[in-house]
Amino acid sequence: MRKKTYAARVLAAVLAGTMILPGCSGQTETAAETDTAAEESRTEASSEAQTETQTEAAAEDAVEKPEKITFMVDGTLVTKANGQEEWVNRWEELTGIQLEIIQPDHTAYYDVLGQTIASGPDNWPDVLITTSQYYTNYAKEGVLWDMTEAWENSEIKSSGRIVNEDVVNSLYIDDHLYGLATGPGMGCITYIKKQWLDNVGLDVPTTYEEYIEVLDAFTNGDPDGNGVDGDTFGVSAAGFINGEAPYVQYLPEFWQDAYPTFYQKEDGTWVDGFTEDSMKEAIQRLQDAYNAGYIEKETLTNATSDCRTKFWENKFGIFTYWPGSWQKRLSEGLETNGYDGELIPIEPIAEVGAYIDRTPVALCITTACDNPEGVFKYFFETALDGGEVQELWTYGVEGVHWSTAAEEVCGVSYEEGQFHMLESRESPGTQYAKAFFAGDNPLARFEEGKDIGEGSFDPMVLESNELFNANSRPAQLPVSTEEMAQYNGDLTTLKYSIIADCVTQGLSVEEGMQRFEEEGGAEWSQIILDSLNNLNN
C-alpha cells in the first residue's frame with residue numbers, strides 16, 4: 001500500500017517534469033503567448049497536483065484502519081495506578097480504535113516479554129517496546145516487522161518535525177528499520193553536590209587525577225559539614241557495571257575507554273573489549289578506589305532506587321545518573337530531606353571524552369500483527385502527529401495528569417492558564433513527569449502553537465539535556481549471531497563475576513584474566529568474534 005503511494009508521487013513528479021519541458025524550448029514568444037503558456041502550465045500543474053492528492057488519498061484509504069491494537073509496554077507508560085484507564089479512554093476517543101495495554105511489572109518486563117515471544121506468534125502483541133539488546137535479536141529472529149518502507153514514505157518523516165533523524169537512523173540494521181525510537185536514547189551524566197565541593201574547597205574536576213582528589217575529600221573530609229570527618233562516601237552506583245548497553249554508564253570516570261563486550265572498530269573488525277589492556281586498567285582503577293573507600297561498599301548490590309535514596313540522605317556526593325528531569329528530581333529529593341539541592345552536571349573528564357548516548361528504546365510491530373501497515377499509520381504516526389494525540393503521549397490526560405487551572409500542587413502555586421503536571425496518584429508529594437514521551441527532549445516537535453507544555457520546563461532540565469547532547473557519542477547497536485546467542489550469556493556472567501571479585505574480593509587483575517582463560521571465557525569470546533567478523537564475508 002505504501003508502494004502505491006510512493007509510485008503515485010514518482011508518477012506525479014515525472015508528469016510535472018514533462019510539463020515544464022515545452023517552456024524550455026528557447027523559442028521567442030510574445031508577452032501574450034508567454035502569459036497564455038504560463039496560465040496553461042499553472043492549470044495543468046494544479047490539475048496534476050489535484051490528481052496526485054487524490055491518488056495519495058486513495059492509497060492511504062487503502063490502508064485498513066485497525067479495530068483493535070494490543071500494546072505490550074513496561075512501566076514507562078502511565079500505570080493503572082496512575083490513570084492508565086483514563087489515558088486509554090482518551091486515546092480511543094481520539095483515534096476510534098480499541099487499545100489493549102499489556103503491562104507487566106516494570107522490573108520483570110523483559111522476562112515476561114521473553115516468555116511471551118517464546119510461547120509463539122499466537123500470543124504476541126501487535127506492538128511492543130524493547131531496548132537495543134533485545135531489538136537486534138528479535139529482528140534477526142523474525143519477530144519484528146520491517147517498517148523501512150512505511151517509515152521512509154511516512155508523513156511524519158517528511159514533516160520536518162523530527163528533531164534529530166540520527167536517533168531514528170541508529171535503529172537501522174543492514175539498511176532495514178524494525179522499530180521507531182520513542183525519543184533520544186540518552187545516557188547518564190555525572191552530578192556533583194555543589195555545597196560539598198564548596199565545603200572541601202575544590203573545583204569541578206576536569207581530569208581523573210582531579211576526580212580522585214574530590215573523591216578523597218568527599219570520603220575522608222567533612223563535605224556535608226556535620227563536623228565529622230570520614231562518615232561519607234565519594235561515589236556510589238547501581239553496580240560496577242550495568243546489565244544492559246552501554247554497560248559502563250554509571251561509573252564512566254573509572255571505565256574511561258574500556259568496554260566490557262564486543263564492539264566494532266573503525267576498520268570494520270570486531271573485538272572483545274574485555275580482552276584489551278584498557279579493561280585491565282579500568283578494573284585496577286575500580287579496585288584501587290574501592291579499597292581506598294571512595295566507592296560505597298554496597299555498590300555491587302545496589303539498585304538505582306537504593307542509590308537515589310542514599311544520595312538524598314546525603315551519604316555520598318557524586319552520582320552519575322540520567323540528565324533532564326532527573327536533575328530536578330534529584331535536587332528536589334535533597335531539599336525535601338533538608339539538604340542543599342544545588343547540583344553541578346559536569347562535562348566528561350578528559351580521560352572519558354564523551355558520555356555514551358545509548359541506543360534508543362524502540363516501539364516495534366510484531367510479524368504476528370494482522371495489519372502492520374494500519375498499525376503503523378494509526379498507532380505510530382498519530383503518536384507523533386504534532387497535535388492532540390502526541391499531547392496525550394507526552395503529557396497525559398487533562399485533569400488527570402496535567403492542568404492549567406489555578407491551584408496548588410505539591411506546594412507550588414499555579415495561576416489560571418499556567419500549564420503544570422498534577423500530583424502522582426502512586427507517589428503522593430511528587431508531580432508526574434510525563435505520560436510516555438519526554439516533553440523536554442522529544443523525538444518530534446509539535447506543530448506550531450500545539451505544545452500545551454511549551455515553556456513549562458525548568459531551565460535546569462533543559463540545560464542538563466543540552467550539556468549531555470553536546471558531550472556524548474552514540475552507542476553501537478548490538479549485533480547478534482547464532483554463536484553469540486549460544487555463548488554470550490555464560491560469557492557475560494563470567495566477565496561480571498571476575499570484575500566483582502577483582503574489585504571487592506581482592507582478586508588481582510592478572511588472576512582475573514587467568515580465570516577468564518581457564519573457565520572458557522577466551523574460547524567463547526573467540527568463537528563469537530569469528531562469527532561477527534565473518535558476517536560480511
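## Charges over aromatic rings

K495 is placed over the face of F262 in this predicted model, at 4.8 Å from the ring centre. A further contact of this kind involves K193, whose charged end sits over the ring of W196. The separation from the centre of that ring is 4.9 Å.

## Aromatic pairs

The count of aromatic pairs comes to 31. One of them joins Y109 and Y110: their ring centres are 4.8 Å apart and their planes stand at 90°. Because an angle over 60 degrees counts as edge-to-face, the pair formed by Y109 and Y110 belongs to that class. Y109 is buried, with a relative accessible area of 0%. Y110 has a relative accessible area of 17% and is therefore also buried, the cut-off being under 20%.

Ring pairs also connect a cluster that consists of F71, W87, W91, F376, F379, F380, W393, F436 and F437.

Strand β7 covers residues 189–193, and five of its five residues are buried. I189, Y191 and K193 point one way from β7, whereas T190 and I192 point the other way. K193, which is buried in this strand, is the residue whose charged end sits over the ring of W196.

β7 pairs with two strands, β11 and β12. With β11 (residues 316–321) the pairing is antiparallel over four bridges, and I192 has I318 as its bridge partner there. With β12 (residues 343–345) the pairing is antiparallel over three bridges, and I192 stands opposite I344.

Terms used. Residues numbered from 1 in each chain as written. Predicted model: local features only at pLDDT ≥ 70, side-chain atom pairs only at ≥ 80, totals over all residues. Heavy atoms only, no water. Phe/Tyr/Trp six-rings, centres within 6.5 Å; stacked < 30°, edge-to-face > 60°. Buried < 20%, exposed > 50% of the residue type's maximum accessible area, 1.4 Å probe, protein only. Lys NZ or Arg CZ within 6 Å of the ring centre and 35° of its normal. Pairing = 2+ DSSP bridges.
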